[in-house]
Amino acid sequence: MAYVKKCPDCKGKSYSASKKKWVCPYCGEDLKKIEANRAKN
Ligand SMILES: [Zn+2]
């Protein structure tokens, strides 16, 4: 299962298998308070 979050700061999408400790890989924003969605292909 993978999750996706959209960074509110840089609008970049990041994917993770876990919802723990999620930091935007583009700008370093802490995304833990952002709602995670299930990644669909
Ligand atoms: Zn970002």
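Two strands count as paired if DSSP finds at least two bridges between them. Helices (H or I, at least four residues) and strands (E, at least two) are DSSP runs, numbered from the N terminus.

Before we start: this is a predicted model, in which local features need pLDDT of at least 70 and side-chain atom pairs count only at pLDDT 80 or more, while totals for chains, interfaces and linings use all residues. Residues are numbered from 1 along each chain as its sequence is written.

**Exercise 1. Work out how the strands are arranged in the sheet.**

Step 1. Look at one pair. β1, residues 3–6, pairs with β2 in the antiparallel sense, over four bridges. Within this pair, V4 has Y15 of β2 as its bridge partner.

Step 2. β2 (13–16) and β3 (37–38) are the edge strands, each pairing on one side only.

**Exercise 2. Find the residues other than glycine with positive phi in the loops, and decide whether K11 and K21 are buried or exposed.**

Step 1. Start with the hairpin that β1 and β2 form, which has six residues between its strands. K11 lies in this loop and has a positive phi of about 65°, although it is not a glycine.

Step 2. Move on to the loop between β2 and β3, where K21 sits. Its phi is positive too, near 40°, and K21 is likewise not a glycine.

Step 3. Apply the burial rule: a residue is buried if 20 or more other C-beta atoms (placed from the backbone) lie within 10 Å of its own, exposed if 12 or fewer, and partly exposed in between. K11 counts as exposed because it has 10 C-beta neighbours inside 10 Å. K21 is exposed as well, since 9 other C-beta atoms lie within 10 Å.

**Exercise 3. Judge the confidence of the prediction.**

Step 1. Recall that pLDDT is the predictor's confidence in each residue, from 0 to 100. Where pLDDT is low, the predicted coordinates should not be read in detail.

Step 2. Check the chain: its mean pLDDT is 94, and 98% of its residues reach 70 or more.

Step 3. Compare the elements: β1 has the highest mean pLDDT (96) and β3 the lowest (94).
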